[in-house]
Amino acid sequence: MNIQASVVITFLILMFTLSGFSQANDVSDKLSAKNATQYSQQFIIGGQPSESDLIMLSKSGIKTVINLRGTGEFDDFDEQAKVEALGMNYIAIPISGASDINKENLTLFTAAITNKEQAFVHCASGNRVGAMFALDAHFNHNKSIDEAIVTGKKAGLTSLEATVKKVLKTQ
């Protein structure tokens, strides 16, 4: 293969890759879920998705929905049934409040996010999502406490910051 053909092929691959990222980013802007944002190439994060959000996420290539809401916290529709009917994987890690921000739930969260599939991670507002990404940053990626808090805030951490700092310092 000549150099010109290699350049064209590389350019096309790059264009398709960036196009896919742009499409996923556009999806987060269209979701009704509170604080929905493209956190990374792998993750869209935010609050509770609507049924139409789930349809949009499925069509955009999201493979997994990770729900961090506590058991019984949401009953507007059967989220698991809707997610699975759309062909996506559903993972529930019930985090009802500050006492559930811990290393045991981090173990479950880590298992859920390490599959490399594109995923939508949510709670009600994104606060618990940010808390879990902060714990992940510190315990799994050796970030300092300050760096982990910055990571958590990028992912939606707000009122659980004091709880997260306590877990980071004591566990």
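I'm working from a predicted model, so local features need pLDDT of at least 70, side-chain atom pairs count only at pLDDT 80 or more, and totals for chains, interfaces and linings use all residues. Residues are numbered from 1 along each chain as its sequence is written, and side-chain values use heavy atoms, with hydrogens and water left out.

For the element labels I use DSSP runs numbered from the N terminus: helices are H or I with at least four residues, strands E with at least two.

Leaving out neighbours within four places in sequence, Val164 is in contact with Ile101, Ala131, Ala134, Leu135, Ile149 and Leu157.

I found 4 salt bridges in the structure. The criterion is a side-chain nitrogen of Lys or Arg within 4 Å of a carboxyl oxygen of Asp or Glu. Arg69, Glu73 and Arg128 are linked in a network of them. Glu73 pairs with Arg69, closest N and O atoms 3.1 Å apart, and Arg128 pairs with Glu73 at 2.7 Å. Arg128 sits in α5 and Glu73 in the loop between β3 (64-67) and α3 (79-85), so this pair ties together parts 55 residues apart in sequence.

I checked exposure too (buried: under 20% relative accessible area; exposed: over 50%; partly exposed: in between; 1.4 Å probe, protein chains only). Both arginines come out buried, Arg69 at 12% and Arg128 at 9%, while Glu73 is partly exposed at 32%.

Lys153 is partly exposed at 46%, and Glu161 is buried at 18%.

My pocket search ran on a 1 Å grid over the protein atoms alone: a pocket is an open set of points where a 1.4 Å probe fits, with protein on both sides within 12 Å along at least five of seven lines, and lining residues have an atom within 4 Å of a point. Grid points are joined across faces, edges and corners, and a volume is the space filled by probe spheres set on the points.

The largest pocket holds about 260 Å³ of space. Of its 14 lining residues, Phe43, Ile113, Phe133, Asp136 and His141 are closest to the centre. Helices α4 and α5 give two or more residues each, with α5 giving the most, 5 residues. I sorted the lining by type (Ala, Val, Leu, Ile, Met, Phe, Trp, Tyr, Cys and Pro nonpolar; Asp, Glu, Lys and Arg charged; the others, Gly among them, polar). That gave 5 nonpolar, 6 polar and 3 charged.

The second largest pocket holds about 170 Å³. It has 14 lining residues, and Asn67, Gly70, Gly72, Phe74 and Tyr90 are the closest to its centre. α3 and β4 (89-92) each supply at least two lining residues.

Terms used. Contact means heavy atoms within 4.5 Å.
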